[in-house]
There are 2 protein chains.
Amino acid sequence: MDDRGPYMVQPIGVVRSALRVPSEAPNQAEGAPDAVIEIAPRFAEALHRVQAGDELIVLTWLHLADRDVRQTHPMGDTSIPLTGVFRTRSPDRPNPIGIHRVTVTALDGPTSLRVDALEAIDGTPVIDLKVALRRP
Amino acid sequence: MDDRGPYMVQPIGVVRSALRVPSEAPNQAEGAPDAVIEIAPRFAEALHRVQAGDELIVLTWLHLADRDVRQTHPMGDTSIPLTGVFRTRSPDRPNPIGIHRVTVTALDGPTSLRVDALEAIDGTPVIDLKVALRRP
């Protein structure tokens, strides 16, 4: 078992949202409000050519998650048997990374992206952006 | 700018693949060979109910990436203008996390998942698994 690491993740930005507490955050099967992704100015170059209309994958660090949880009832539904977190979308997991697919609706400045829907609370660290691949 | 962190990511497992060097690894628009994901035994509980046929999102740590790259030609195509890495799928980026969608084809043991296609080289650390959401 090759098991190197740990590795250090440095936030590249932060989510600004009207969602303030986790209990307000919808799960990923539900809708989500629009939000702003503020990227740290030192990463401005890495946003070159990002424009309104782009579909991006946003990775977040779910900083309020419990990293010691190994099993959970998916979507909090106790009628579903306990399931390993690797077979769920629970934020509670060993490395609490969230994945979100968004459309950029506007650039509010050189490092500020308005996006259409993001199910993450205000203050959630952003750790990566990628262009979304076309759905088949 | 709220910019906490850094955060520590601990590998949960490793990719076993016939792909040995990055130059052999296809990009994400191309095909990829099947592979095995070996999960560290201490995370076995987090795999509970994972079974053949499951579609999972695999997050990897692209340990050979250059974290200082900010712009690149997408897919190595110099006819495409230099583009910020946040608008590409380049492995070279500040936090080099790879995203892969796979189907589990078999369990080779309690912590060993055979998957249909994974464009990551042998020895790539795995940092998270999630159930894939249904495509709309």
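**Entry 1: Thr124(A)**

I began with Thr124(A), which I found in the loop between strand S8 (112-115) and strand S9 (125-131) of chain A; strands here are DSSP runs of E with at least two residues, and helices runs of H or I with at least four, numbered from the N terminus. The model I am reading is a predicted one, in which local features need pLDDT of at least 70 and side-chain atom pairs count only at pLDDT 80 or more, while totals for chains, interfaces and linings use all residues. I also note that residues are numbered from 1 along each chain as its sequence is written, that chains are lettered from A and ligands numbered from 1 in the order in which they are written, and that side-chain values use heavy atoms, with hydrogens and water left out.

Is Thr124(A) buried or exposed? Because its relative accessibility is 2%, Thr124(A) counts as buried (buried is under 20% relative accessible area, exposed over 50%, partly exposed in between, with a 1.4 Å probe and protein chains only). Leaving aside neighbours within four places in sequence, I listed its contacts, among them Gly13(A), Val14(A), Trp61(A) and His63(A), where contact means heavy atoms within 4.5 Å.

**Entry 2: Gly53(B)**

Next I looked up Gly53(B), which sits in the loop between strand S3 (35-39) and strand S4 (55-61) of chain B, and which counts as exposed because its relative accessibility is 52%. Not counting residues up to four places away in sequence, Gly53(B) touches Thr103(B) and Val104(B); Val104(B) is 51 residues from Gly53(B) in sequence, yet their C-alpha atoms are 5.3 Å apart in space.

**Entry 3: how the chains meet**

I then turned to the contact between the chains, to which chain B and chain A give 63 residues each. In chain B, the residues that lose the most area to chain A are Tyr7(B), Phe86(B) and Arg87(B), together 15% of what that side buries (buried area is the accessible area, with a 1.4 Å probe, that two parts lose on being put together, summed over both). Since 100% of the interface residues of chain B are also interface residues in chain A, the copies meet through the same surface.

How many salt bridges are there between chain B and chain A? I noted 4 salt bridges, a salt bridge being a side-chain nitrogen of Lys or Arg within 4 Å of a carboxyl oxygen of Asp or Glu. In one salt bridge, the side chains of Asp54(A) and Arg87(B) meet at 2.6 Å, N to O.
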